[in-house]
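Colleague: I'd like a close look at one helix packing in this chain. Could you walk me through it?

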Amino acid sequence: MFSIFRLCQHPDYTQPLINEVEAMLKLPPTDHYKNLPLLESFLRETARHDPLDSLSVQRQVLRDFTFADGTHVPAGNVICVRQQAVMRDSKYYDRPDDFLPVRFAKEHGLGNDATQKFTDLKPHFYLWGATAKPS
């Protein structure tokens with residue numbers, strides 16, 4: 001949903017994205033989805049800028065734990081990472097509040113060497129692959 005919203009805000013990326021997909025469809029099926037750097041970057045930036053949840057990586061504490069600074073977390077509590085705060089931190093991203101569709105396109109040359117990609121259809125992909133286990 002956010003990707004469509006961002007595409008409406010940045011319509012100048014519509015035709016380049018269409019061109020990239022059309023070029024991919026001309027390749028042999030075994031090469032499909034392997035090289036969609038603009039689409040990959042656009043999706044990654046959307047996920048960074050508009051996370052589905054501002055708190056992520058939630059974990060239940062299994063046994064009492066005390067951090068080096070003395071903060072104590074009793075067993076049974078849930079701890080989490082403040083995803084939105086990290087994704088908007090200038091320590092990690094230049095211009096963190098700006099939506100930059102080519103942010104993750106390797107130096108804007110549009111190569112992308114990410115290990116796991118949103119455009120990846122491999123069975124081990126964390127959203128729908130072997131590690132995705134419905135409860």
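Modeller: Of the chain's 135 residues, 26% count as buried, meaning under 20% relative accessible area with a 1.4 Å probe, protein chains only. Bear in mind that this is a predicted model, where local features need pLDDT of at least 70, side-chain atom pairs count only at pLDDT 80 or more, and totals for chains, interfaces and linings use all residues. Numbering runs from 1 along each chain as its sequence is written, and side-chain values use heavy atoms, leaving out hydrogens and water.

The chain reads α-α-α-β-β-β-β-α, with helices being DSSP runs of H or I, at least four residues, and strands runs of E, at least two, numbered from the N terminus. Now to the packing: the axes of helix 1 (residues 2-9) and helix 3 (residues 37-49) come within 10 Å and cross at roughly 105°. Those axes are lines fitted to C-alpha atoms over the stretch in contact, with angles from 0 to 180 degrees between N-to-C directions. The two helices are therefore roughly perpendicular, a label for 65 to 115 degrees.

From helix 1, Phe2, Ser3, Arg6 and Leu7 meet Phe42, Leu43, Thr46 and His49 of helix 3; contact here means heavy atoms within 4.5 Å. Phe99 touches Arg6, Phe42, Thr46 and His49, among others, not counting residues up to four places away in sequence.

Phe42 and Phe99 also belong to the largest nonpolar core, seven residues in all, together with Tyr13, Leu17, Leu38, Val102 and Ala105. Such a core is a set of buried Ala, Val, Leu, Ile, Met, Phe, Trp, Tyr and Cys residues joined through side-chain atoms within 4.5 Å.

Note on methods: Angles under 35 degrees count as roughly parallel, over 145 as roughly antiparallel, 65 to 115 as roughly perpendicular and the rest as oblique. Buried means under 20% relative accessible area, exposed over 50%, partly exposed in between (1.4 Å probe, protein chains only).
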